[in-house]
Amino acid sequence: MTEVQTSSRATTRGVHGQAGQSGPTHLDIERVRLEFPILREKVHGKSLVYLDSAATSQKPQAVIDAMSHFFLKENANVHRGVHYLSERATDAYEGARAKVKQFLNAKDVGEIVFVRGTTEAINLVAQTYGRTHVGADDEVLITAMEHHSNIVPWQMLCEEKGARLRVAPITDAGELDLSELERLIGPKTKLVAVTHVSNVLGTVNPIRQIVEMAHAHGARVLVDGAQAVPHLRVDVRALGCDFYAFSGHKMYGPTGIGALYARSELLDEMPPYQGGGDMILSVSFEKTVYNKAPAKFEAGTPNMAGAVGLGAAIDFLGGLEHEALSAHEQDVLDYGIRALSDVPGLRLIGTASGKASVISFVLDDVHPHDIGTILDREGVAIRTGHHCAQPLMNRLGLPATARVSLACYSTRQDIDALVSGLEKVREVFR
Ligand SMILES: Cc1ncc(COP(=O)(O)O)c(C=O)c1O
């Protein structure tokens, strides 16, 4: 995998095989799988084969336990009370923020804003930084492989401001055309918004290089990290990006929580996103004085249990020795690509040289929904459709694809089950 940045992500618990001090470690996949209770479920009488982790990952017991512990032992509203439980809840919530800071290697906890997920993080930047810095005739540059959540907020902003949304093209293999992207960045470009890993193609984009291109023209860079954080080591300082957005639920955490990283100088000058409790220092009918970041961007009672669950997910990922995890996921990905390439009539969509954990394909003229439905009867869960990337589908000339996506618990056996299921699909449509 490319664009793997070093970070201080700590190894807290070993879920990887023992090895000599300097020897290679391997992921103890049986132990990893035991941590995910849902993987023991049967679907239509078959063992569950979950290949839809890019939509949402399954949750390890440690995350489930951390959240129930919060409700059982620590639940109270944060930041407001002087009583014991409120202090414990605040410590748990702010402790989770410190874990996110460490996870991304941000400089300061104040650079981490809790949000509902990637979508909210991007909307926050568009509505605050965007509305104050993008004016008429300015440009926002995105790419042809973005998820709708990294398209629509910019489109809305550009419409409101009379600015122009520009789109960097991709090659047929599903890689960014970097020279075109560079050509599209100019004095009018205020912001470049790009995905770290494509949710359809699996392409890993060279973020540091893109940041250098953008910064050379004074443009800020927002990275959509939704599909990167479960797989890559992300170091926002090494990447040099201005904003980084991700969701907890795609990286073994709960739904309804995610984070926006933004450099503190930017957060300090950005106006608030929503008004309400906690984001203020004082309120009168004449004037409100806002709190400082990150509280300024967290109006109302936050998702405290969600933040605690996200913290537990970060600990879980930290417990998987990164090189071992990466080697395991790459092995299953390579095995999957080889196995699917051998299925007659199957065409892989997205063949970039640097890919992470996503394989899209089409099979003869069978509609992807039919593929997904037949596979489901075999206990195999995949995703089919446009994957919230309709402009990318148009570029590819396809209405939809079938998509297999992997996580730490995925195995070669999962791929074997998928390939047997595809045999059934071929029999039905022969
Ligand atoms: C690349 C990418 N960006 C953004 C999102 C949106 O994430 P969420 O729905 O968690 O806000 C997704 C979700 O699939 C995604 O894959």
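1. Start with how a helix axis is defined: an axis is a line fitted to C-alpha atoms, for helices over the stretch in contact, and angles run from 0 to 180 degrees between N-to-C directions. Keep in mind that this is a predicted model.

2. Now take two helices. Helix α2 covers residues 61–74, helix α3 covers residues 84–104, and they pack at an angle of about 160 degrees. Their axes are 10 Å apart. Angles over 145 degrees count as roughly antiparallel. Therefore α2 and α3 are roughly antiparallel to each other.

3. Which residues make the contact? On α2 they are His-69, Phe-70, Lys-73 and Glu-74. On α3 they are Leu-85, Arg-88, Ala-89 and Ala-92. By class, the contact of α2 with α3 has four nonpolar, three charged and one polar residue.

4. Next, look at Ser-53. Ser-53 sits in the loop between β3 (49–50) and α2. Is Ser-53 buried or exposed? Its relative accessible area is 4%. Buried means under 20%, so Ser-53 is buried.

5. What does Ser-53 touch? Leaving aside neighbours within four places in sequence, Ser-53 is in contact with Ser-405, Leu-406, Ala-407 and Tyr-409. With Tyr-409 there is also a polar contact of 2.7 Å between the two side chains.

6. Last, the ligand. The residues around the ligand include Thr-118, Thr-119, Ser-149, Asp-224 and His-249. His-147, Gln-227 and Lys-250 are also among them. A polar side-chain atom of His-147 lies 3.4 Å from an oxygen atom of the ligand. For an N or O atom in the side chain of Gln-227, the distance to a ligand oxygen atom is 2.7 Å. For a polar side-chain atom of Lys-250, it is 2.6 Å.

Conventions. Residues are numbered from 1 along each chain as its sequence is written. This is a predicted model: local features need pLDDT of at least 70, side-chain atom pairs count only at pLDDT 80 or more; totals for chains, interfaces and linings use all residues. Side-chain values use heavy atoms; hydrogens and water are left out. Helices (H or I, at least four residues) and strands (E, at least two) are DSSP runs, numbered from the N terminus. Angles under 35 degrees count as roughly parallel, over 145 as roughly antiparallel, 65 to 115 as roughly perpendicular and the rest as oblique. Contact means heavy atoms within 4.5 Å. Ala, Val, Leu, Ile, Met, Phe, Trp, Tyr, Cys and Pro count as nonpolar, Asp, Glu, Lys and Arg as charged, and the others, Gly among them, as polar. Buried means under 20% relative accessible area, exposed over 50%, partly exposed in between (1.4 Å probe, protein chains only). A polar contact is a pair of N or O atoms within 3.5 Å; within protein, one must be able to donate a hydrogen and the other to accept it, and residues adjacent in sequence count only if both atoms are side-chain atoms. A residue is near a molecule or strand if one of its heavy atoms lies within 4 Å of it.
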